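Reader: Please take one part of this model and look at it closely. Tell me how it packs, then set it in its chain and in the assembly around it.

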Amino acid sequence: MYSSGRDSFRSRDSTSSTRSDARERIKDCLRKFIAFMFTQVGVGALVVCYAILGAAGFMHIEKDSPDEQLENVKQWRISCVEQLWDITNRYNVLNQTAWTYNSNNVLKVFQNNITNAIRQGYNGRTPEEIWSFPAALMYSLSVFTMIGYGNVVPKTAWGKVGTIAYACFGIPIYILYFCNMGKVLAQSFKWLYITAHECSRREDPLLEDGEIQPVKRKITVPSTACLWVISFYILSGTIMFGAWEKWNYLDSTYFCVISLCKIGFGDFVPGANIADSAEGSHVKLVINFIYVLLGMGLVAMCYNLMCEDVRVKVRELREELKNCLDDITLKITVCMNDTKYYHQRQTRNIK
Amino acid sequence: MPRRRRRLGSRVRSYVRALLAFLFSNVGVVVLVVAYTIAGAFMFQAIEGASEMERVNNMTKERDNTAQYLWQNVTLALNLFNDTALKEGISRELLHYQRKIVVAVHRGWDGGRSSRQWSFSSAFLYSLTVITTIGYGHLSPRTSWGKIVTIFYALLGMPLFLLYLSNVGELLASWFKCIYALICLCRGCPGFTRRRVVQYRSQLELSEAESIERPVGWMDYSESEITPDFVIPPYVPPDARRYPRQDPRRAAYIRSISLPQPPRHPQVPPVRGWSEPIHQAESVSSDFTYVTFDVQTITVPISVCVSFMVGYLMFGSMLFGQWEKWDKLDGAYFCFISLSSIGFGDFVPGERVYTPRIETSFIVCSLYLMLGMALVAMCFNLMQEQVIHYYAGLKRAMKRICRCKR
């Protein structure tokens, strides 16, 4: 604070003195740029730029990786065809049961091979198909938000190393975004809530007549309002994804919750359907990107507001408890005094 | 009788209070998290295990269908004599079948292995990945009940796990600080000592600016209190004359990092004008004050935290590399992805090599994750402290500079 104030002061001084004008101007520009970078828009832009940069990098690294799995699968299929041909040659068209039995065995071997390949990352697509730009964008988002869907994963060694480095730098940036966005959204939401609250109160006829200003209390947004906002966001996501992806409502609710909680199983990812057309899935991925990024900001907002609310509630509770305890101690002392008095009287009476 | 009942009631109340206090202590939180995870494991096993057999049967039926289709449409329709057309037909059919397999595996069919997917240990790992928000996704609920239960399980479990992280992280941070103080300060590794002296010097400069009263008897004090290992000449060398007050501080510092004071040492008369934590800790002197002093005031440098985390990562990569036959990079990648709670799920222990010890592998992975998350929290704690410390120093320096210039 101090330093920035001093700097701007100095810069204003020096601009008046026309000497080394250009340098100072550049310095001023730089300062303004840095100040802007730490505002909310700057951080948001930084996150988006970082995601785009990461997407381009990962696309470049992963796109031309040789995929042995595809070749392997092709080989297996060809050998399977050969075996089936052999079987057809041996048992003619005449012996159906033997033919079915043998071909079933062949198919079983083929199926086991393919499941093993899938376990090791075979996806039925070539790397060019997998690492389209929106998919890479989604991938870098899932890395630095720590969601980790896992529907798209790096196969090359360089991709893995790059992922580790990318996460190391990306997670702090994301946390900055999270905090900043949470603060801004919380402030605006609070303002909105308070204005709404006051408007509704002014409509109240009792207070208007009485002209007694109620005690200005610090208004905190109740947690239920935050929960409503979050559930509304999840609901809108549910309807949106349900309409596009033709998931049922349970599935899309499940997807939204799992994404916003940063769990990210990756069993449901928009646009990951094999049968989908390429362009549609890309649009879906981009919209999912925006949805998740905004949702994270909302979660941060709710976290902020709820923290505040809980803190206020706890303070109130503590005060109440203290009052209660004071009451009890007072009552007990009064009671004790009474009994003492009573005893004293009794003894005096006996005397 | 009423008296006795009241006693019973108060006893019950005190039991409840003790139980709650225990639950919010460190042990209680750990027990709570483990119990919650085990309960989740049983629940998910019960919910999801039932639907598993259905899918296996479904897939068998699918294979039979494909064979039948091949017989009907390819072998019968195209004759034995048309070689290329037959092969083409079979190939097309197989491609179709292959797509079906891919979809089925993505829907959670595991290729008809003998071992069950939702065994107890894998369900345990699953519920752990839910509450830690790692979410590997190697297992995911398929039934609608499983999904609903997962949502509520996560909503309830994540705050619990955050509680665990903050509690255990704090505890581990204090332990780590203690160990660090014992090891690094008793031996007095040279780099650290120098850094410490430099730090003191900067602090002295600052306190000079805040015009603290100069101690009077610092000469005698430094002479009487030095331990024999660290002899500081009472005469101030000419180049150090610029900071004449460095010596008593330094003596005090060295005394504080040395071994416990033997009781025959005389009590230190508190030096006038200095209000530093060392003296206050010393004035309540017992043999072990040096530990409390260290824990109160020391901050562990960031580099130590980072190297500790890297060491834990390397340990994990070695462990899993040996256990799962991954190479070093894959192991480190897996550990990093897990501990940063990203959790892609392309590498999961016990996924590739199906051996009888898969159960233990799941359990080892769960333990590694729980400990690792706590260690990450610990490192964050320590680093935060250090950053705050730096920040406070920076702020003070800034204030001083401003005051000097204006």
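Author: One term comes first: two residues are in contact if their C-beta atoms, placed from the backbone, lie within 7 Å. The model is a predicted one. By that contact rule, take the pairs in chain A that are at least 6 apart in sequence: 73% of these contacts join residues at least 24 apart. Chain A has twelve helices and zero strands. Chain A has 351 residues, and 29% of them count as buried.

Now the part itself: helix H3 of chain A, residues 40-63. Start with its length. H3(A) holds 24 residues, which at 1.5 Å a residue should span 34 Å. The end C-alpha atoms are 34 Å apart, so expectation and model agree.

Next, burial. Nine names need listing here, from one end to the other. In H3(A), the buried residues are Val43(A), Val47(A), Ala51(A), Gly54(A), Ala55(A), Phe58(A), Met59(A), Ile61(A) and Glu62(A). An α-helix has 3.6 residues a turn, so residues three or four places apart point the same way.

Then the packing. Two packed helices are described by the angle between their axes and the distance between the axes. The partner here is H7(A), residues 133-144. The two axes come within 8 Å and cross at roughly 115°. The crossing is right-handed. H3(A) brings Ala51(A), Ile52(A), Gly54(A), Ala55(A), Phe58(A) and Met59(A) to the contact. H7(A) answers with Phe133(A), Ala136(A), Leu137(A), Tyr139(A), Ser140(A) and Leu141(A). By class, that contact has ten nonpolar residues, two polar and no charged. Among the H3(A) contact residues, Ala51(A), Gly54(A), Ala55(A), Phe58(A) and Met59(A) are also buried.

An unreviewed entry places "transmembrane region" at residues 33-53, 130-149, 161-180, 225-244 and 285-306 of chain A. Two of those spans can be checked against the model. Residues 161-180 of chain A are 100% helix and 0% strand, with end C-alpha atoms 29 Å apart. Residues 285-306 of chain A are likewise 100% helix and 0% strand, and their ends lie 31 Å apart.

Step out to the partner chain. The contact between the chains takes 48 residues from chain A and 47 from chain B. On the chain B side, H3 (52-75), H4 (83-106), H6 (144-187), H13 (328-339) and H14 (358-405) each give two or more residues. H4(B) gives the largest share, twelve residues. The chain B side divides into 25 nonpolar, 14 polar and eight charged residues.

One residue of chain B shows the link in detail. Thr66(B) sits in helix H3 of chain B. It has 20 C-beta neighbours inside 10 Å and therefore counts as buried. Beyond its neighbours within four places in sequence, Thr66(B) touches Leu107(A), Glu93(B) and Tyr97(B). Val364(B) is 298 residues away along the chain, and its C-alpha atom is 41 Å from that of Thr66(B).

The unreviewed entry gives "transmembrane region" for spans including 148-166 and 331-349 of chain B. Residues 148-166 of chain B are 100% helix and 0% strand, with ends 28 Å apart by C-alpha. Residues 331-349 of chain B are 47% helix and 0% strand, and there the end C-alpha atoms are 10 Å apart.

Conventions
Residues are numbered from 1 along each chain as its sequence is written. Chains are lettered from A and ligands numbered from 1 in the order in which they are written. This is a predicted model: local features need pLDDT of at least 70, side-chain atom pairs count only at pLDDT 80 or more; totals for chains, interfaces and linings use all residues. Axes are lines fitted to C-alpha atoms, for helices over the stretch in contact, and angles run from 0 to 180 degrees between N-to-C directions. Helices (H or I, at least four residues) and strands (E, at least two) are DSSP runs, numbered from the N terminus. A crossing is left-handed if the near helix is turned anticlockwise from the far one by less than a right angle, and right-handed if clockwise. Ala, Val, Leu, Ile, Met, Phe, Trp, Tyr, Cys and Pro count as nonpolar, Asp, Glu, Lys and Arg as charged, and the others, Gly among them, as polar. UniProt positions are given in the numbering used here, feature names are shortened, and annotations may be inferred rather than shown by experiment. The expected span of a helix is 1.5 Å times one less than its number of residues. A residue is buried if 20 or more other C-beta atoms lie within 10 Å of its own, exposed if 12 or fewer, and partly exposed in between; C-beta atoms are placed from the backbone.
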